[in-house]
Amino acid sequence: MSARFAAAGQVAIAGYAHSMIDRHAPRPLGALAVETARAAIADAGACISDIDGVVTAALFPTAGAHAAEDGVAVVTANWMAEQLARAGARPGYVSGFQGIGQMPGAVAIAVNALAAGAADYVLLYRALHNPPGSYHANPMVRAAGAQQWTAPAGFFGPLAMIALPYNEYLQRYRATRQEMAAVLVEARKNGARLPWSYWRERPLPEAEYLASPVLADPVCRHDCDIPVDGVAAFVLTRADRARDLPNKPVYVAGYASGMQPRRRLPLHWPLDDIMGAGAQLARDLWARTGIGPDQVDLPQVYDGFSPFVWFWLEVLGLCPPGEAHRFVADGGIDSDDPAALPALSGGGALGNGRMHGLPQMLECYLQLAGRAGRRQRARATVGVACQSSPHYGGAVMYTAEPT
Amino acid sequence: MVRSWTIIRQSFLPGFDADLPFLLVDVELAEQPELRMIGRLLDGPTAPVRIGAPVSVAFEDVAEGVSVPAFTLTGSGRGSESGRAARPLTRPAGAGEEGPVSEPASEPASTGRPRMRPAGASEEGS
């Protein structure tokens, strides 16, 4: 493909809404999603009848055997489009992203549709669900497909998945769990300041992190985002329309996605796979946007598992390889330091709950639109919202001015 | 060669609780660089594992007629600590015509626990 993204700066975020994040919402997820969608449309200064595009990524990321009932455990784009159509919308463009890196993937679908003229106003949202009972427990006693090579040995579920590259990093670079505590303290500090966060007003002391029992060495409970019910929604439109709407537009400069470099067993994520593919993703992002890492003042790294913070900081070139553990421990991402890179200023998943890439996208939007309230940074011009592992997920670059 | 490892202390699958904690190694095969496998380290959860440590393949009997690949630290002697049976470098269950290469010193742990098995393994003749 050509180096530069042809639609850079042509599409903008015009408004947003966020539900409360709860362990278990008092209402069905679908109801929460529709309410949040309506609020986002109103926030953008649009009407429901303006919405002609509906885009989401509906994945329910459990290793367990929970049913993915539409409107209850997931909210697909078709389900949402039906509800909005009953309220007067005419969604002719309805699409769902199926891969990993759900928000970058869904943003790409929405941006492409708008730039191509397939829709004028796209409602983009994601709804996350926490089912009753254990999130990942699975009663299976026979392993079919590729899992037959892993599950019988006891290698199953995302904790074991992230434990291997995390330990590989610790051993290779002589990093420590004490240094990882700085990631959690920063994420929860920022999450504690967000009124919608599950962790609102609840920062995490370092001692509490270090006292938490290890579940799959070196991963403890606090290294994992907590499963929640929650929804965030955005309205995207073309930049020329967005400039006539009430909020300051935030522009999409481009995106890139990771590609697993080799065939691996299920959930087997060697550190070199992650970092090698991540380096390529970053090169693609800089090439397509024409903007380099030294211009990014609002990186929002993914943190569904805490080691991803180190991985993304290095992949994006924001610190040297093998140095992220020291960079964070030395205050390099402290959101209260105007000279630092506020990589978790939106709280991330560790500071909000398991909202996948939503906290990263939302923080880019709020800061670049000047809507971050007391958290507003003096300088916020180029944001990058990351999601998932660098070798599976993606990243979107946002700018305060059209590129 | 060990490229990474983890000690599993909580299982999301049925049948593993009695094994906890157990150590899984991420192994790069000497026979083919970049080809990596994950398996149980039969030396037990307190084995002195480190990155780059050489390991040998073994087979772990997880149920009657079902064996899965596992590893032992090379030169460490077989791990008796875990109480699990290791058969050094023998064949997958049912694969060999030449008979067992070697048998474990102790009987394979056959506790009758229902444990995860590959779907390809036969179940009551089905």
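**Entry 1: Arg3(B)**

I started with Arg3(B), which I found in strand β1 of chain B, residues 2-8. I note at once that the model is predicted. Is Arg3(B) buried or exposed? Its relative accessibility is 13%, so Arg3(B) counts as buried, the cut-off being under 20%.

I then looked up what surrounds Arg3(B). Leaving out residues up to four places away in sequence, Arg3(B) touches Glu168(A), Arg172(A) and Asp272(A) in chain A, and Asp26(B), Glu28(B), Arg36(B) and Ile51(B) in chain B. With Asp272(A) there is also a polar contact between the side chains, at 3.1 Å.

**Entry 2: strand β3 of chain B**

Next I turned to strand β3 of chain B, residues 36-41. Of its 6 residues, 5 are buried, so the strand is largely enclosed by the rest of the structure.

Which strands does β3(B) pair with? Strand β2 of chain B, residues 22-28, runs antiparallel to β3(B) and is joined to it by 5 bridges. In that pairing I found Leu24(B) opposite Arg40(B). Strand β5 of chain B, residues 66-73, pairs with β3(B) in the parallel sense, over 2 bridges. Here Leu41(B) stands opposite Phe71(B).

**Entry 3: the sheet in chain A**

I traced an open sheet of 9 strands in chain A and wrote down its order as β3-β2-β4-β8-β1-β9-β12-β11-β10. The pairing in this sheet is mixed. Which strands stand at the edges? They are β3 (93-96) and β10 (298-300) of chain A; each has a single partner strand, so one side of each has no neighbour in the sheet. On average, neighbouring strands of the sheet are turned by 25° against each other, direction ignored.

I looked at one pairing within chain A in detail. Strand β1 (residues 11-18) and strand β9 (residues 250-257) of chain A run antiparallel and are joined by 2 bridges. Ala12(A) stands opposite Tyr251(A) in β9(A).

**Entry 4: Val55(A)**

I picked Val55(A), which lies in strand β2 of chain A, residues 53-56. Val55(A) has a relative accessible area of 0% and is buried.

For each pair I noted the angle and the distance, because two packed helices are described by the angle between their axes and the distance between the axes.

I took helix α1 (residues 29-43) and helix α2 (residues 77-86) of chain A, whose axes come within 11 Å and cross at roughly 60°. The two helices are therefore oblique to each other. The crossing of α1(A) past α2(A) is right-handed. The contact is made by Gly30(A), Ala31(A), Ala33(A), Val34(A) and Ala37(A) of α1(A), with Trp79(A), Met80(A) and Gln83(A) on the side of α2(A).

I then took helix α8 (residues 271-289) and helix α9 (residues 307-315) of chain A, which pack at an angle of about 40° with axes 9 Å apart. That angle makes α8(A) oblique to α9(A). I logged a right-handed crossing for α8(A) and α9(A). Among the contacting residues are Leu271(A), Ile274(A) and Met275(A) of α8(A), and Phe311(A) and Trp312(A) of α9(A).

Definitions and conventions: Residues are numbered from 1 along each chain as its sequence is written. Chains are lettered from A and ligands numbered from 1 in the order in which they are written. This is a predicted model: local features need pLDDT of at least 70, side-chain atom pairs count only at pLDDT 80 or more; totals for chains, interfaces and linings use all residues. Side-chain values use heavy atoms; hydrogens and water are left out. Helices (H or I, at least four residues) and strands (E, at least two) are DSSP runs, numbered from the N terminus. Buried means under 20% relative accessible area, exposed over 50%, partly exposed in between (1.4 Å probe, protein chains only). A polar contact is a pair of N or O atoms within 3.5 Å; within protein, one must be able to donate a hydrogen and the other to accept it, and residues adjacent in sequence count only if both atoms are side-chain atoms. Contact means heavy atoms within 4.5 Å. Two strands pair if DSSP finds at least two bridges between them. Axes are lines fitted to C-alpha atoms, for helices over the stretch in contact, and angles run from 0 to 180 degrees between N-to-C directions. Angles under 35 degrees count as roughly parallel, over 145 as roughly antiparallel, 65 to 115 as roughly perpendicular and the rest as oblique. A crossing is left-handed if the near helix is turned anticlockwise from the far one by less than a right angle, and right-handed if clockwise.
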